[in-house]
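Q: Please take a close look at the charged side chains in this structure. Walk me through their partners step by step, in short sentences.

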Amino acid sequence: WLDKLPGLENAEVSTKVTSTKPVVAERAVYFNFFGKQGGHDSIGVSSMAQEWYLAEGCTLGDNFDTFVLVQNPGTEVAGVTLSFQLTQGTAPTFYFELAPGQRRSVWLDKLPGLENAEVSTKVTSTKPVVAERAVYFNFFGKQGGHDSVGIPGGIIE
């Protein structure tokens, strides 16, 4: 329970799990995000990549909030670009630099062109990183959230 570890009581965190034996790692989150309550869970990834695909995201109205989360477990600064596919219209790419051993959550609802959209995201980085997507919602009174790791580039061509 990360909330109970010293220094993590009120933190946004990514975690690297290492083991001397084969293990399966996953992460569960329980939340109350602006009145949207629930929980979601995601399996960990076994490797980093310079390209990730996130097929789903939604920022429609006040009922959906989407975040793209990127972790840089490496030893060099990563230049990260988020590119978007929409069902309607276009949105500019979003670029940021991510220091070694750091993470960032990008709230897509707050980016130009994504204020009210159904969106897929491509994460491209100058160095290997890890990427996932979280959505929080209140859909006709059904509150919750879901999360998924990305699909690394090069697997499906």
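A: Start with Lys-4. Its charged end sits over the ring of Trp-1, 4.7 Å from the ring centre.

A word on the source. This is a predicted model, in which local features need pLDDT of at least 70 and side-chain atom pairs count only at pLDDT 80 or more, while totals for chains, interfaces and linings use all residues. Residues are numbered from 1 along each chain as its sequence is written, and side-chain values use heavy atoms, with hydrogens and water left out.

Now the salt bridges. The whole structure holds 5 of them. Each one puts a side-chain nitrogen of Lys or Arg within 4 Å of a carboxyl oxygen of Asp or Glu.

Take Arg-27 and Glu-132. Their side chains form a salt bridge, 2.6 Å from N to O. Arg-27 is in strand β1 (residues 26-33) and Glu-132 in strand β8 (residues 119-139), so distant parts of the chain are linked across 105 residues. Strands are DSSP runs of E, at least two residues long, numbered from the N terminus. How open is Arg-27? Arg-27 is partly exposed, at 27% relative accessibility. The scale is simple: buried is under 20% relative accessible area, exposed is over 50%, and partly exposed lies in between, using a 1.4 Å probe and protein chains only.

Asp-147 joins this group. Together, Arg-27, Glu-132 and Asp-147 make a network of salt bridges. Asp-147 belongs to strand β9 (residues 142-149). Asp-147 is buried, with a relative accessible area of 12%. Its side chain has a polar contact of 2.9 Å with the side chain of Arg-27. Another polar contact, 3.3 Å, runs from the Asp-147 side chain to that of Ser-42. A polar contact is a pair of N or O atoms within 3.5 Å; within protein, one must be able to donate a hydrogen and the other to accept it, and residues adjacent in sequence count only if both atoms are side-chain atoms. Set aside neighbours within four places in sequence, and Asp-147 still has contacts (heavy atoms within 4.5 Å) with residues including His-40, Asp-41, Leu-69 and Ala-134.

Arg-133 is also in contact with Asp-147. Arg-133 is buried, at 8% relative accessible area. Its salt-bridge partner is Glu-56, with the closest N and O atoms 3.8 Å apart. Glu-56 is in the loop between β3 (49-54) and β4 (64-72), and Arg-133 is in strand β8, so the pair ties together parts that are 77 residues apart in sequence. Glu-56 is partly exposed, with 35% relative accessible area.

One more pair to look at. The side chains of Lys-127 and Glu-76 form a salt bridge of 3.5 Å, N to O. Lys-127 is in strand β8 and Glu-76 in the loop between β4 and β5 (78-86), so this pair ties together parts that are 51 residues apart in sequence. Lys-127 is partly exposed at 28% relative accessible area. Glu-76 is partly exposed as well, at 44%.

The loop between β4 and β5 also holds Pro-73. Pro-73 is partly exposed, with a relative accessible area of 30%. Beyond its neighbours within four places in sequence, Pro-73 is in contact with Met-48 and Val-129.

Methods
Helices (H or I, at least four residues) and strands (E, at least two) are DSSP runs, numbered from the N terminus. A charge sits over a ring if NZ of Lys or CZ of Arg is within 6 Å of the ring centre and within 35 degrees of the ring normal.
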